Amino acid sequence: MENPNEAVAMKESKRRERQPGIGPGEYTIHDIKALENADSTIGLCGWLLVFLSLLLVIVTLPISIWMCIKIVKEYERAIIFRLGRILRGGAKGPGMFFIVPCTDNFINVDMRTITFDIPPQEVLTKDSVTVSVDGVVYYRVQNATLAVANITNADAATRLLAQTTLRNVLGTKNLAEILSDREEIAHSMQSTLDDATDDWGIKVERVEIKDVKLPLQLQRAMAAEAEASREARAKVIAAEGEMNASRALKEASLVIAESPSALQLRYLQTLNTIAAEKNSTIIFPLPLEMMQGLVKR
C-alpha cells in the first residue's frame, strides 16, 4: 500500500513541475506560511547563539538598545533573517521593530508603485515590417517575502521580462493592428506579465504603449498611399457632382422647353446678375433668327 506522505510529496513535486519558474529553493504562495515560520528549524546551536546574543545585548545596555531598534517607513516592509532563516511573522512594519544584532539582519522592501520605461524595441511584425515600439509599465510589490526569497532582483527581472514580452506580443500582430489596437496589446502584455511575476510577489498594475516609430521609407510610402487615396476620392466626388449637375440641367431644359417665356426670364435674370457686379461691359446673346433675317436681306 502506498504511503500517504509519499503521495503528498509526489503531488507537490508534480505541481512544481507544472508551474514555470519554480525551481529548487524557491517558494510558492502556498508555501508562504511555512516560509514565515522557519525560525523553529534553526536547531539547538542556533538557539544557543540567539541566547548568547541576547545576553550580550543585556550586558551592554543601554548602548546596545540603539542597535536593536529599527524603524521602517509607512510604504516599506522589513524581512528579518535570523541565522539565514526568515523570522516568524513575515514582513515587519511599518513602524518600529526589534532585532538581535549578532544573529539578525533585515532587508527593506519598497511597497509603492514603481514605473519604468521599456526601451525602444525593434520588432518584426507579422506582415514583415520592422517597427520600433516603446512603452511604460506600472507595478508594485504585493508580497515582500516572495519578492526577497524567490528572486535575486525583482526590479531588474521585471524590466527584462517586460522587454521580451513586448517583442513576443508585437511579433504576432501586423502593422495595422499595432497602430489601431494599442489598448488590446497593452492589456495582453499586462496579463502576461502579471501571470509571470505572480511567483515573485509582484503585481503588474498597468502597461501602456507610448510610441510606434516607423522607418522613414515606410512613412513616405504610407503618405503617398494616403495622398493617392484622397485624390481618388476627390475625383470621384467631382465626377458625381458633374453627373448630378448635368441631370439638373437636363431637367431645367425640359422645363424651359415647355414654356418659352421661361427662357426670356432666365435671360433677364442673368443680365441682372452681371449688372450687379458693376461691370462696364455686358455681353448678351443675340438670337440667331434675327441674324438669319439680316443675311437674307
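Analyst: Two strands are taken to pair if DSSP finds at least two bridges between them. Helices (H or I, at least four residues) and strands (E, at least two) are DSSP runs, numbered from the N terminus. The model is predicted, so local features need pLDDT of at least 70 and side-chain atom pairs count only at pLDDT 80 or more, while totals for chains, interfaces and linings use all residues. Residues are numbered from 1 along each chain as its sequence is written, and side-chain values use heavy atoms, with hydrogens and water left out.

The sheet is open and has three strands in the order S6-S7-S8, with antiparallel pairing. S6 and S8 (202–213) are the edge strands; each has a single partner strand, so one side of each has no neighbour in the sheet. From one strand to the next the twist averages 25°; axes are lines fitted to C-alpha atoms, for helices over the stretch in contact, and angles run from 0 to 180 degrees between N-to-C directions. S7 and S8 run antiparallel and are joined by 10 bridges. Asp-134 has Asp-211 in S8 as its bridge partner.

Helix H6 (residues 154–170) packs on this sheet and touches S6, S7 and S8, where contact means heavy atoms within 4.5 Å. The direction of H6 makes about 35° with that of S6. Helix H8 (residues 182–196) also lies across S6, S7 and S8, and runs at about 145° to S8.

Now the aromatic contacts. Rings of Phe, Tyr and Trp (its six-membered ring) pair if their centres lie within 6.5 Å; planes under 30 degrees apart count as stacked, over 60 as edge-to-face and the rest as tilted. One is Phe-97 with Phe-106, edge-to-face at 5.6 Å centre to centre with 85° between the planes. Phe-97 is buried at 7% relative accessible area, and Phe-106 is partly exposed at 28%; buried means under 20%, exposed over 50%, partly exposed in between (1.4 Å probe, protein chains only).

The other pair is Phe-116 with Tyr-139: the ring centres are 5.9 Å apart and the planes at 65°, so this pair is edge-to-face. Phe-116 belongs to strand S6 (residues 114–124) and Tyr-139 to strand S7 (residues 130–141), so the pair links distant parts of the chain, 23 residues apart. Both Phe-116 and Tyr-139 are buried.
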